[in-house]
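Here is a short briefing to read beside the coordinates. It covers helices, salt bridges, a surface patch and a pocket.

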Amino acid sequence: MTSLSRAETFRALHRPGHPLLLPSAWDHASAAALHRRGFAAIGTTSLGVAAGAGLPDGTGAAREVTVRLGRLLAALPVPVSVDVEGGFSDDPAEVAATVSELAAAGVVGVNLEDGRADGSLSDPELHADKITAVREAAPGVFVNARTDTHWLRAAPTVRAALDRAERYVRAGAHGLFVPGVKDQDTVTALTGSLPVPLNVLHSPGGPSAAQLAEWGVARVSTGSLLSRAALQRAVDVAWAVGHTDAPPQPVPGYAEVQSLATGSTGGSGAGPDCRG
């Protein structure tokens, strides 16, 4: 399959009411295994990729490992979309250069988020400028513009998400990703207002993929869930070698995995998957 046909296939997989289930890999083996299982396309998780390299997520530190992994995964016979955090820079030209590298390798999509590591949201015009620069430099890449209004704001509203979404669509975004939305009213308000496909993050205990399909969602992502679950499974298997009565532990939350790279105390247990 050529890069062009992969890009066309990937775009066609975004069907409101029949969402693409996009699992997020963190290395070549996980991506290859997901492809072998039959998933139609593969994404990446910025947390899993960064943590695997001993780097913090969301800070721009993982650019090189992300591009290197993107090149590896693009060799798989399946469309690949890469999570590039906020583009690893606040210079739109640098963001476009990164995505161009990925596109040249055969990557057909990117996630580009407006949330920052300090918990704030970037200026929407700056984020729109990044999207425009990417579209001009790599016109064949599917830009999934992510807004973190529902992750990073204490009182998120549909209007806040739509205000940003409208700017990003005007800038050229092909799809909108609003992680953190779970209730039917919010999801249907977004799908009913957006002129592009809506991507929702799967949440354990939240609405099923079938429910999200009924609400008009076009893409369901797993975020960092798979990498966090694999990490905990590895620890459980190792621990059980010498502790045969040890119960399995809950999947670690985002903060706990992030702390492995940052050296902070971190959280514990199954906390929210609040970033890639």
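Helices here are DSSP runs of H or I with at least four residues, numbered from the N terminus. This is a predicted model, in which local features need pLDDT of at least 70 and side-chain atom pairs count only at pLDDT 80 or more, while totals for chains, interfaces and linings use all residues. Residues are numbered from 1 along each chain as its sequence is written, and side-chain values use heavy atoms, with hydrogens and water left out.

**Surface patch**

- Leu 260 sits in helix α12, which covers residues 254-262.
- Leu 260 is exposed, at 62% relative accessible area (buried is under 20%, exposed over 50%, partly exposed in between, with a 1.4 Å probe and protein chains only).
- Together with Leu 231 and Val 235, Leu 260 makes a nonpolar surface patch of about 270 Å².
- Such patches take residues with over 30% relative accessible area and no salt bridge, joining nonpolar side chains (Val, Leu, Ile, Met, Phe, Trp, Tyr) within 5 Å and like charges within 9 Å.
- Accessible areas come from the Shrake-Rupley method with a 1.4 Å probe, and for residues only the protein chains shown count as cover.

**Salt bridges**

- You will find 11 salt bridges in the structure (a side-chain nitrogen of Lys or Arg within 4 Å of a carboxyl oxygen of Asp or Glu).
- One of them pairs Glu 101 with Arg 63, with the closest N and O atoms 2.5 Å apart.
- That pair links distant parts of the chain, 38 residues apart: Glu 101 is in helix α5 (residues 92-105) and Arg 63 in helix α4 (residues 63-73).
- Glu 101 is partly exposed at 29%, whereas Arg 63 is buried at 19%.
- Arg 167 and Glu 125 also meet in a salt bridge, at 2.2 Å from N to O.
- This pair, 42 residues apart, links helix α8 (residues 158-171), which holds Arg 167, to helix α6 (residues 124-137), which holds Glu 125.
- Arg 167 is partly exposed at 28%, and Glu 125 is partly exposed at 37%.

**Second largest pocket**

- The second largest pocket holds about 190 Å³ of space, a volume being the space filled by probe spheres set on grid points joined across faces, edges and corners.
- A pocket is an open set of points on a 1 Å grid over the protein atoms alone, with protein on both sides within 12 Å along at least five of seven lines, and lining residues have an atom within 4 Å of a point.
- Its lining has 16 residues, with Gly 58, Gly 86, Asp 90, Gly 115 and Arg 116 nearest the centre of the second largest pocket.

Key:
On a 1 Å grid over the protein atoms alone, a cavity is a set of points where a 1.4 Å probe fits but cannot get out, and a pocket is an open set with protein on both sides within 12 Å along at least five of seven lines; lining residues have an atom within 4 Å of a point. Helices (H or I, at least four residues) and strands (E, at least two) are DSSP runs, numbered from the N terminus.
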